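Subject: Handing over a structure

Hi there,

Have a look at it first, and then read on for what turned up.

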Amino acid sequence: MFGKLFGRDAERPEANPYALPVPRRQKNGTYPLRALGDTRVLALVEAADAGDWEAVKAALAPFDPGSDHAVLAELAELDGVQDWIGRAVEEDKEHRATALLISGTRHISWGWEARTSARAVNVTQEQWRIFHERLEIAEEQLLEAAELRPDWITPWRRLLTSGRGMSLGPAVNETRRDAALRRDPLDLDTHIEWVSQLQPRWGGEPGQALAFAREAFAGAPDGHRLGCVVAMAHIEEWVESDDRDCLQHPRIRTELREAAERSILHHSYERRLGWQGDYNIFAMALSLAGSTKASNVFRELDGVFTEWPWTFMADPQKAYARFRKAF
């Protein structure tokens, strides 16, 4: 429905009939992506913001909450959802699984808001208490959602995040990863979450995440968005390193360029809802590596900025604009 994203010399994709109008750009020519750039997602977000459960259910109709990670993420980050979603969980028996999924996912984000992104040693006891309290609610709700809808992948992907936050250990988290990948062996969100899990700051070993990402993408067909997991693994290595130029190595530039060409820049790549997020991942990775291929990615984005993964930088949108100008 959203067409395919072809190379610059090929035919342009058909316009998305649900695309939001391009907002006024900032002076640097960029603008943040709102509601995945889609009028239907905006209607969903507005219904959730108003606390209107009936309208939320109606707006969810075009989507599959069991697999649409990007749509679910829009609700997860929306402050206030936690104030009314509990009533839907208790009162709407027919749609209990959906309500549990939304509530559990929101409680994870809400928990991290309490914890903040500070290093563990700088998190107060009260912040830890609230963090764990909210994650415990999320765990209970997501496990029930998974039981009610065993075909859904989204509860398992989100349980990876809560399991990491609660330090449940490798055995539990590997079981959850495997549960997600049994439902979709090529699911990008699950792979990216596991790349985070394998970082040294979460108990992983150096190089472990990159090896996982490479093996995963090697088994994907040409044009699949799973190439983003390789880019994300390199970004995570940059985050872990004390060397800000650690990705500027010819071998890394080559790997990232080839990954981009075989995934998001391949003629078979499908421009799905939220495709701008895939492009932002590669834009950041290629920029950090000093690859001129970043210009191809920025050209297709045409100024569209997503918080992730630029949030690893002090001023995400300014960093995006700076690299965009450089390439």
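H11 passes H13 in a left-handed crossing (left-handed means that the near helix is turned anticlockwise from the far one by less than a right angle, right-handed that it is turned clockwise). Before going further, please note that this is a predicted model, in which local features need pLDDT of at least 70 and side-chain atom pairs count only at pLDDT 80 or more, while totals for chains, interfaces and linings use all residues. Residues are numbered from 1 along each chain as its sequence is written, and side-chain values use heavy atoms, with hydrogens and water left out.

H11 covers residues 228–240 and H13 covers residues 275–289; they pack at an angle of about 50°, and their axes are 9 Å apart. Axes here are lines fitted to C-alpha atoms, for helices over the stretch in contact, and angles run from 0 to 180 degrees between N-to-C directions. H11 and H13 are therefore oblique to each other (under 35 degrees counts as roughly parallel, over 145 as roughly antiparallel, 65 to 115 as roughly perpendicular, and the rest as oblique). On the H11 side, Cys 228, Ala 231, Met 232, Ile 235 and Trp 238 meet Asp 278, Ile 281, Phe 282, Met 284, Ala 285 and Leu 288 of H13; contact means heavy atoms within 4.5 Å. By class, this contact of H11 with H13 has 10 nonpolar residues, no polar ones and one charged (Ala, Val, Leu, Ile, Met, Phe, Trp, Tyr, Cys and Pro count as nonpolar, Asp, Glu, Lys and Arg as charged, and the others, Gly among them, as polar).

H11 has another partner, H10. The axes of H10 and H11 come within 8 Å and cross at roughly 170°, and that makes H10 roughly antiparallel to H11. Ala 209, Leu 210, Ala 213, Arg 214 and Phe 217 of H10 make the contact with Val 229, Val 230, Ala 233, His 234 and Glu 237 of H11. Seven nonpolar, one polar and two charged residues take part in the contact of H10 with H11.

Not counting residues up to four places away in sequence, His 234 touches Leu 210, Arg 214, Leu 247, Ile 252, Glu 255 and Leu 256. By contrast, Gly 219, in the loop between H10 and H11, counts as exposed at 59% relative accessibility.

Now for the cores. A nonpolar core is a set of buried Ala, Val, Leu, Ile, Met, Phe, Trp, Tyr and Cys residues joined through side-chain atoms within 4.5 Å. The largest one has 52 residues, and Phe 282 and Trp 310 have the most contacts inside it. H13 gives the largest share of this core, 10 residues. Another core lies apart from it and has 42 residues, among them Val 41, Val 56, Leu 75 and Ile 85.

Trp 310 touches, among others, Met 284, Phe 305, Pro 316, Ala 319, Tyr 320 and Phe 323, not counting residues up to four places away in sequence. In H16, Pro 316, Ala 319, Tyr 320 and Phe 323 are among the buried residues, and what covers the buried residues of H16 includes H13, H14 and E2.

Finally, two stops elsewhere. H1 (residues 39–49) and H2 (residues 53–60) pack at about 165°, with axes 8 Å apart, which makes H1 roughly antiparallel to H2. Ala 43, Leu 44, Ala 47 and Ala 48 in H1 meet Ala 55, Val 56, Ala 59 and Leu 60 in H2, a contact of eight nonpolar, no polar and no charged residues. Leu 101, in H5 (residues 96–115), counts as buried at 0% relative accessibility.

Enjoy exploring!

Best wishes

Conventions: Helix = DSSP H or I, 4+ residues; strand = E, 2+ residues; numbered from the N terminus. Buried < 20%, exposed > 50% of the residue type's maximum accessible area, 1.4 Å probe, protein only.
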